Amino acid sequence: MAIAKAERLMNLALCLLGARRPLSKRELRDSIEAYVEASGSGRGATASDDSFNRMFERDKDDLRELGLVIETVESLDGEVGYLARRDSNRLPPITLDAEEAAALGLAAKVWQQARLAGAASGALQKLRAAGLPEDVDPYEAHGALEPRIPVHEAAFEPLMLACRDRRPVVFDYRKASAAHPETRHVEPWALECWRGHWYLAGFDRDRGAERVFRLSRITGRVRSRGAGFTAPVPDVVTVRETVASWAGEIADRSARIRLRSGAGYPLRAKATAVRELGGGWDELDIPYGHGLDAWLVEFGPDVVVLEPAELRADVVDRLRAVAKG
Amino acid sequence: MAGKPVRPVNAIDQTRRMLSLVTYLRERPGARIEDVARAFGITEDELVSDLDVLPMCGTSFRGGDLLDIDTDGERIWWHNPAALGAEAAEPLRLAADEATALLVAARAVATLPGLREGDRQALLRATAKVEAAAGEAAGASSRLSVTFESEGGVFADVDRAISERRRLWIRYYSPARDEVTEREIDPIRLVSVGHTYVEAWCRRSEARRTFRLDRVAEIKILDEPSAPPEIELRDLSEALVQPAAEDPEVVVEVGPGGRWVAEYYPHDSADELPDGGLRITLRTPDPASLRRLALRLGRDGRMVAPRELADSARRAACEALAAYGGVTDTADVAPRTCSADVAGVDDGGHPGQGGDPVDSQGAAGSPGHAAPEVRGVPAEPGGLDGRYDRQEQGL
């Protein structure tokens, strides 16, 4: 039976961490059981060399993903050796009290995305090994709070890695009102979750400008592109402000509407002024931002737009579309 | 408490865990399985599977020993801790992904407006220490961020009621009915998934309900003790509401501009239409509550079934248009389309017919902001309302 990958990785890590001098590939191959087995005896030397080399390269990459700093050192006689130096792999001293530990414990549980959930637990386990206090149940310490970060979009993980490594990507994207997706070439800067949805900000190579994309509108696979970024990355990337302005959160004008008494609580909650008109109606001043027309139409005959005329026309237009059926 | 997510065995995660485990166990001879599993946030089975692998590991290149670690099912014994040099057993630095996952989550939790101040301070202190210890591995964590939304005051009251086990009185807005109702609830827990919700036992309906905090119009902590019945807590991670099989079916066809419906509503199917639109089938206990959606969609979609839903939206639109009666450009539509349907609608209490004339020149284009790729994100779409209020309505 093949030796489990975790066992192989663990042995490689322990060898590299325990070494006082660089270890050659041959030394590692001869001393780790899984490599001895994988190199096999029945097949030709070249084939087994290839399979060992591939496995060894993958394993080193995996350990580097886990945070191990593995150095490649060339000796005087030209042989390459590997080692994980103690001082570059050690966690700097960190002392956390019980409250701080409990708070981190709560934070480590919020990811619902497998890779990040695993990474957050891994971080906590490393801190635990370094003496992070235990015994406090984070739920006990934080009452009944259960924050969760939802990640349902398939594009999330490849984009997260591309942002991390600053790698350009290509994906098909369907704009909100477009019938068909379009291929976009993007230098991804940052991902942000707002109101439970993920957005990507980056430099759109085709349009030569910054763009924000909603991950749920990416269709198909996210593919990586070689080479690096061509446009400078801004110091601060603000995804939320851009999305919020399109979601009507940023209102620069005001509208006056008539609202049936008792109806439209959320409109009342946003109103800057409410006047009772009598006869079962109130008059409200409300902030007027993007998307207000669609929202007002939801209230049907309980809302009448008074001004501005532009909003009134938009609402009438929408109502006519529904009335036509 | 919520169950642990079931994770598939992942060699990377297991290796990561075992590397920390050897450091941890080296310091704690005879550690109890139960305690170690809790400290590592894993199940006892996961820990035992690690303990099966560890005796196969060691620094064997120099003829060193394998780790002689075993367990009697209760405690863990390491018979040759010297097999691992002290240098190989030191706590390891954080990887970039680990620092990112922990820091982004910690920063997000710290923004929860209702978090107790003491806890927030502890979290901020911890975040700063982890940033410092992570060093350059913390750099990429700025490329990911999360904002939780919640109403601070309401949150604090619910949190306090839960910890003091007291009943709450709330006035709660239900978008499906566009009404605010009063009710007494026994809060069970707070859940943040995009928005923040309180799961509670509703005394009025004698059933479990989920309430979105930003829809709580008013809240009071009562003197009565909270006494929710023992109920099994569900995993709310996928969706707060799963439609029930016996719910009536609703079919809506949307054009390209209405595709967002599929993003906001849990649905059974969404089939592509030739024009770039979708035919969406979903279930809800109360199709009438989707009238809001029909009105919002306008020319971007239509209700195919049930027929009454389309009719009620049309009637509502006609009734609404009547208030703009003086407007010339509705005249060609309103009387003809609406007359038959409007019969029987109580339009008493309408505002006068005379509205301001519509200035049709006023319809300016959209403002020329950057980043139009997300245009079309509904402000507070009926979708979210419908989705989450199903629960409140009686599921």
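## A four-stranded sheet in chain A

Two strands count as paired here if DSSP finds at least two bridges between them. On that basis, this predicted model has an open sheet of 4 strands in chain A, laid out in the order 11-12-10-13 with antiparallel pairing. Strand 11 (273-278) and strand 13 (303-307) of chain A sit at the edges; each has a single partner strand, so one side of each goes without a neighbour in the sheet. On average, and ignoring direction, neighbouring strands of this sheet are turned by 30° against each other.

Now for the pairing between strand 10 (residues 253-260) and strand 12 (residues 281-288) of chain A: these two run antiparallel and are joined by 8 bridges. If you want a residue pair to click on, take A:Ser254, whose bridge partner in strand 12 of chain A is A:Pro287. As a reminder, strands of a sheet pair through backbone hydrogen bonds, in either a parallel or an antiparallel way.

## The helix across the sheet, and a cis proline

Helix 13 (residues 309-324) of chain A lies across strand 10, strand 12 and strand 13 of chain A, and runs at about 145° to strand 13 of chain A. What sort of peptide bond joins A:Glu307 and A:Pro308? That bond is cis, with omega at about 5°. A:Pro308 itself is in the loop between strand 13 and helix 13 of chain A.

Chain B has a cis bond to look at too: the peptide bond joining B:Ala305 and B:Pro306 is cis, with omega at about -5°. B:Pro306 is found in the loop between strand 13 (301-305) and helix 9 (307-322) of chain B. For context, most peptide bonds are trans.

## Where the chains meet

How many residues does each chain put into the contact? Chain A supplies 131 residues and chain B supplies 130. On the side of chain A that touches chain B, helix 7 (residues 114-129) of chain A gives the most, with 14 residues. Sorted by type, the residues on that side of chain A come out as 74 nonpolar, 32 charged and 25 polar.

Strand pairing also crosses from one chain to the other. Strand 6 (residues 182-194) of chain A pairs with strand 4 (residues 144-147) of chain B in the parallel sense, over 4 bridges.

## Two positive phi angles

Most residues other than glycine have a negative phi. A:Arg166 is not a glycine, yet its phi is positive, about 55°. You'll find A:Arg166 in the loop between helix 9 (156-165) and strand 5 (169-173) of chain A. Is A:Arg166 buried or partly exposed? A:Arg166 has 14 other C-beta atoms within 10 Å, so it counts as partly exposed.

Over in chain B, B:Glu206 has a positive phi of about 50°, again without being a glycine. B:Glu206 is in the loop between strand 7 (195-202) and strand 8 (207-212) of chain B. With 8 other C-beta atoms within 10 Å, B:Glu206 is exposed, because the cut-off for that class is 12 or fewer.

## Chain B as a whole

Stepping back, chain B contains 12 helices and 13 strands. Of its 395 residues, 45% count as buried. As for contacts in chain B between residues at least 6 apart in sequence, 63% join residues at least 24 apart.

How values were computed
Residues numbered from 1 in each chain as written. Chains lettered and ligands numbered in written order. Predicted model: local features only at pLDDT ≥ 70, side-chain atom pairs only at ≥ 80, totals over all residues. Axes fitted to C-alpha atoms, helices over the stretch in contact; angles between N-to-C directions. Contact = placed C-beta atoms within 7 Å. Nonpolar A, V, L, I, M, F, W, Y, C, P; charged D, E, K, R; others polar. Buried ≥ 20, exposed ≤ 12 C-beta atoms within 10 Å, placed from the backbone.
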